[in-house]
Amino acid sequence: SYFRGEQKGDLLSRMTADVFQVEFSMLGVLEMIFRDPFQILIYLGTMFFVSWQLTLMIFLVAPIGGLLIGRIGKFLKNASHQSQEEQGKLLSWMEETLSGMRIIQGFFVKQKAAEKFNDQNQKLRQKMKIVYSREYLASPLSEWIISMILVAIMGYGGWMIIHQISALNGEFFIYYLLTFSQIIAPAKAITESYFRMKKGMASLDRIEEIFNTPEHVGMNAVQPFQKNIELVEFKNVSFRYQEDWVLKNVSFSIAKGETVALVGASGSGKSTLADLLLRFMDTQEGEILINGEDLKAFQLEDWRSKLSVVTQAPILFNDSIRQNVTLWNQGFSTAELESALQKANALEFSLQTPYGLETIIGENGGNLSGGQKQRLTIARALINNPEILILDEATSALDSESENLVQEAIKKALE
C-alpha cells in the first residue's frame, strides 16, 4: 500500500541523489573535524597567551557571526529539502515519460511532454538557485565576519597600546594579528562544512521518512504457518482506500480443491480481495480465517510461500527466462523449471529463443509477445507448487489465440 501512494521517481531520487548528498556532506564534516578545530585551538591558545584581553573580546564578538551563520544554515536546509522534492518530481516525470513512450509517440504529444518537462525543470532550477546562493555564501560570509573581528582587534589593540592599558606592545601586537590571520582558513572550512552538513541533513530527513514509515502489515504476526490449507473464510470483510468503502460486509468461503471465480464490474473490489488474501494490506473490518484461525496471526513469509499470483499485467525483469521464472532461487533444478514451463505452455517458445532458458527478455519482457509474457508468469506461479493460485484477470489483455494457450495452461495447473 505504501508503494501505491508513492512516486517511483521520488523514491529513486531518495535512494540516489539524497544518499550521495549525505555521503558528500559527511565526508566534508569528518575531514573538518579531524583537522580544523585543532588548528584553531592551537592558535587561540597562543593568542590568549599573548593577550587575554583581545582574545576575550573575540569570544564576545564571534557569537554574533555564529548566529548569522546558523540562521542562513537553517534557510539552506529548508531550501535543500524543497529542491530535493522537486528533483524527485522531475525524475518521476522522466520515468513516466520513458515508460509511456509508445503513447507519447503514438499520439504525437512530444512537444507537450517536453513542455511539461521544461516546466518541472524550471521549478527545480529556481529551487537550486536558492540552495547554491545560500551554500556558496558560506565562504564570503565567514571572511566578512573575520574581517569585522580583525577590524575590532586592530582598533581595540591599538587603543590598548596607545593608552598603555596592558603589557602588550607593538611587536607582540603584530605577532598577535599574524596568529589571528592563520585562523581564517580553518574557520572558512568549518563554515563551509556546516553549510554542507545542513544540506546533507535535509537529504537525510528525506531518507529517514522511508525508514520511519510504519510497516502496518505483519508487525504482530509471529505464528509460523506449516499446515495444509483446508479452508479459507472471508467473514464480514470491509475495506476502503480512502473514504468510500470498496468492500462492505463480504462473506464467502473456499474449500480445498475448489475453483472460485469472483465476477463483478471494474472497481468492484475483485483485485482488492486478492490483495487482502496475499496480505498486501489488512482488512479494516471483519476477518479472514485460514483453517479457522485469523490470517493476521501468521508470519508473512510462511503464509505467502503457500500462494502464487498471476497479475493482469505481466511483471517481468530485464533478466533471463530462468531467473524470471525462478526469481533468482538457485534451489530449482532445470528439470523443475522445464516442467513448470511445460505446464504453462511456455517451454517450446522458451527453447526457441537465441540462448534458450538463459535468453535475456528485455525490460518488462519487451522482447516477448503479450501471450508469451503471461505464460512465463504462470510458469513462475506454478514452479513453487502453491496451495492457492490467484489469477487476477490473467487473460483479459490477450488476443484469442494467446488466451486459449493461457487457458490451457491454467487447466494443466489445476490438475
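The lining of the second largest pocket draws at least two residues from each of strand E1 (231-240), strand E2 (245-255), helix H9 (270-278), strand E6 (388-391) and helix H15 (400-414). Helices (H or I, at least four residues) and strands (E, at least two) are DSSP runs, numbered from the N terminus. The model is a predicted one, in which local features need pLDDT of at least 70 and side-chain atom pairs count only at pLDDT 80 or more, while totals for chains, interfaces and linings use all residues. Residues are numbered from 1 along each chain as its sequence is written, and side-chain values use heavy atoms, with hydrogens and water left out.

A pocket is an open set of points, on a 1 Å grid over the protein atoms alone, where a 1.4 Å probe fits and with protein on both sides within 12 Å along at least five of seven lines; lining residues have an atom within 4 Å of a point. The second largest pocket holds about 1400 Å³ of space, the volume being the space filled by probe spheres set on the points, which are joined across faces, edges and corners. Its lining comprises 40 residues, and Thr259, Leu389, Ile390, Leu391 and Leu414 lie nearest the centre. By class, the lining has 23 nonpolar, seven polar and 10 charged residues. Nonpolar here covers Ala, Val, Leu, Ile, Met, Phe, Trp, Tyr, Cys and Pro, charged covers Asp, Glu, Lys and Arg, and the others, Gly among them, are polar.

A salt bridge is a side-chain nitrogen of Lys or Arg within 4 Å of a carboxyl oxygen of Asp or Glu, and 14 salt bridges were counted by this rule. In one of them, Arg206 pairs with Asp10, with 3.3 Å between the closest N and O atoms. This pair links distant parts of the chain, since Arg206 lies in helix H8 (residues 184-211) and Asp10 in helix H1 (residues 8-33), 196 residues apart. Arg206 is buried (under 20% relative accessible area; exposed is over 50%, partly exposed in between, with a 1.4 Å probe and protein chains only), at 0%. Asp10 is also buried, at 9%. Both residues belong to a network of salt bridges that links Asp10, Arg14, Asp18, Arg206 and Glu209.

Lys306 and Glu387 form another salt bridge (3.5 Å, N to O). Lys306 is in the loop between helix H10 (300-304) and strand E5 (307-310), and Glu387 is in the loop between helix H14 (370-383) and E6, 81 residues apart. Lys306 is buried at 15% relative accessibility, whereas Glu387 is partly exposed at 34%.
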